[in-house]
Amino acid sequence: MNTRAERWPGRSWYEAEAGDESRPALDGSLRCRVAVVGAGLAGIGTAVSLIERGVDDVVVIDSDGPGGGASGRNGGFVFAGYSLDNEALIAQRGSEEAGRLHRWTRESVRLIRERIDRYDIDCQVNDAGVLLADWFGEPRRLMACAERARSRLGFGLEWLSPAERAAMVRSDRYGGALFEPGSFHFHPLRHIRGLADLIERRGGRVFGASPALVIRRAGPGWRIRCEGGEVRADEVVLATGGYDRRLARRVQRALQPVATYIAVTRPLGDRLGHIMPSPVAVYDTRFAFDYYRPLPDTRLLWGGRISMASRSPSAIRRLMRRDLARVFPHLHDVTLEYAWGGWMSYARHEMPIIGQGADGLWHALAFGGHGMATTTLAGEVLAEALCGDRSRLAAFGHWPARWAGGLAGRAAGQAIYWRAQFRDWWKDRRGSVAEREL
Ligand SMILES: Cc1cc2nc3c(=O)[nH]c(=O)nc-3n(C[C@H](O)[C@H](O)[C@H](O)COP(=O)(O)OP(=O)(O)OC[C@H]3O[C@@H](n4cnc5c(N)ncnc54)[C@H](O)[C@@H]3O)c2cc1C
């Protein structure tokens, strides 16, 4: 998967808005202390965290450029937590350890926000926050969730009654909502490009259009052979997201690439303020939830679905239009000017895979759909470990790189998604029947 078109057809609104940019391609051979393969937020975040600790002899290479993968084409929600849901995290690790792990993601949300200010990154930050809207009309369940998150994880979510929610988002689809204080939304491509500029200003190097072909041990260090040259490094970090499964099979065979889709409307003008009086980012309580947020030029960014398959922009438009109209029926005919998708990477355990293999190769992979805070966290944890402090890295040893099952695993993943989608549909239907019978 080399060029952007091969990876995913369809230009994103982010690319159109921010404009094209190209980083130099690697040409010849060079040496560095740490080389990072993959300029998504996991790779760029690791380089930034190293630079902040005084390690500036860092090289990042990418087959496309910073944010060419999921990190530059996602929903732009910056919120706490992992893809593994909170209840499962508590069940697996107990309240104390789960609370510690969850706190790190909240600190990472704050770190992203602080870096935006500290490095003056112009990325359309919107501090209105993120809402989890109640799709099934289960206020008691949501309030109980918020109470468990508070008492067991130290995570304070605010319950909004249906009237309070309606003052922020006007749709008959929802009941109340949970609001996450401190969360925000932003333009992820501008954000990651801003961090890449910072790396270069501080003496690091970032190369685009430079796919790594082979990573091999060379004496005490490593040799990365790329199209156009090679990098020799003391340490190598693999951060290739869902876009590569061939460079280091031992760890990458634990990954399932999973697609999700986004469409962006034409500017809506005053209509946007009418449906969303508050510029919050919204997702809902279904397994296969919608996620959407207003953009500064009065467009609505609408995302949703997950699948094991790539889809054409026109197929994405069809699906997103249907989903959008269920929540805001009077927008059923709105023009969707942009449509695209991207690959996330998931491990079977739904937690990130962060660590160092027996051969010494470092890795930060499998952030799923909760990738902005967790990739930033991975960057911090790996930079700490590369500088000699492995205490936080050890916490992720509980979720190793286990084989994801290859093609059978992919088919099983799709079946699980369809089953969950059916459960959502059934629950929704039962709810509507119960309402009619009242
Ligand atoms: C449509 C969509 C919406 C999402 N919405 C959100 C959201 O709102 N909030 C949130 O928190 N998360 C969201 N996510 C998830 C989040 O974007 C990802 O979890 C996160 O960006 C993963 O970062 P990464 O650095 O691991 O991978 P990526 O960002 O995919 O980066 C991997 C990089 O590695 C490069 N690469 C791959 N192979 C090679 C090679 N051989 N040589 C050199 N470079 C290589 C690729 O070009 C790519 O740039 C979304 C994901 C998608 C796809």
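These are my notes from a look through a predicted model.

**Whole chain**

I started with the overall make-up. The chain's secondary structure comes to 13 helices and 18 strands. I then checked the radius of gyration: 21 Å for the chain, close to the 22 Å the globule rule gives for 438 residues, so the chain is as compact as a globular protein of that length. For the extents I took the principal axes, and the C-alpha atoms fill a box of roughly 75 × 45 × 45 Å. I looked up burial too, and 48% of the 438 residues are buried. Of the contacts with a separation of 6 or more, 76% are between residues 24 or more positions apart.

**Ligand shell**

Next I went to the ligand. I find 43 residues surrounding it, and the closest are G40, G69, G75, G241 and G371. Which elements each supply at least two residues of the shell? My list reads α3 (41–52), β12 (256–265), β16 (336–346) and α11 (372–386). The largest share comes from β16, with four residues. I sorted the shell by class as well: 22 residues are polar, 17 nonpolar and four charged.

I wanted to see how α4 sits against other helices. Two packed helices are described by the angle between their axes and the distance between the axes, so I noted both for each pair.

First pair: α4 (residues 86–118) with α5 (residues 139–153). Their axes come within 9 Å and cross at roughly 45 degrees. An angle between 35 and 65 degrees is neither roughly parallel nor roughly perpendicular, and α4 and α5 are therefore oblique to each other. On the α4 side I listed N86, I90, S95, A98, G99 and H102, and these meet A149, R152 and L153 in α5. By class, this contact of α4 with α5 has four nonpolar, four polar and one charged residues.

From α4 I wrote down W104, T105, S108, V109, L111 and I112; from α11, M372, A373, T374, T376 and L377. The class count for α4 with α11 is seven nonpolar, four polar and no charged residues.

**Two single residues**

I picked V236 and asked: is V236 buried or exposed? It has 27 other C-beta atoms within 10 Å, and 20 or more count as buried, so V236 is buried. Its place is in strand β11 (residues 229–238). Leaving aside neighbours within four places in sequence, I find V236 in contact with A35, V37, I215, W222, I224, L361 and W362. I also looked up V236 against R33: they are 203 residues apart along the chain, and their C-alpha atoms are separated by 8.7 Å.

Then I turned to G409, which is found in helix α13 (residues 406–437). G409 has 17 C-beta neighbours inside 10 Å, so I put it down as partly exposed. Not counting residues up to four places away in sequence, G409 touches Q256 and A404. I checked G409 against R318 too: the two are 91 residues apart along the chain, with their C-alpha atoms separated by 28 Å.

Terms used: Residues numbered from 1 in each chain as written. Predicted model: local features only at pLDDT ≥ 70, side-chain atom pairs only at ≥ 80, totals over all residues. Near = placed C-beta within 6 Å. Nonpolar A, V, L, I, M, F, W, Y, C, P; charged D, E, K, R; others polar. Rg over C-alpha atoms; globule rule 2.2 N^0.38 Å. Buried ≥ 20, exposed ≤ 12 C-beta atoms within 10 Å, placed from the backbone. Contact = placed C-beta atoms within 7 Å. Axes fitted to C-alpha atoms, helices over the stretch in contact; angles between N-to-C directions. Parallel < 35°, antiparallel > 145°, perpendicular 65-115°, else oblique.
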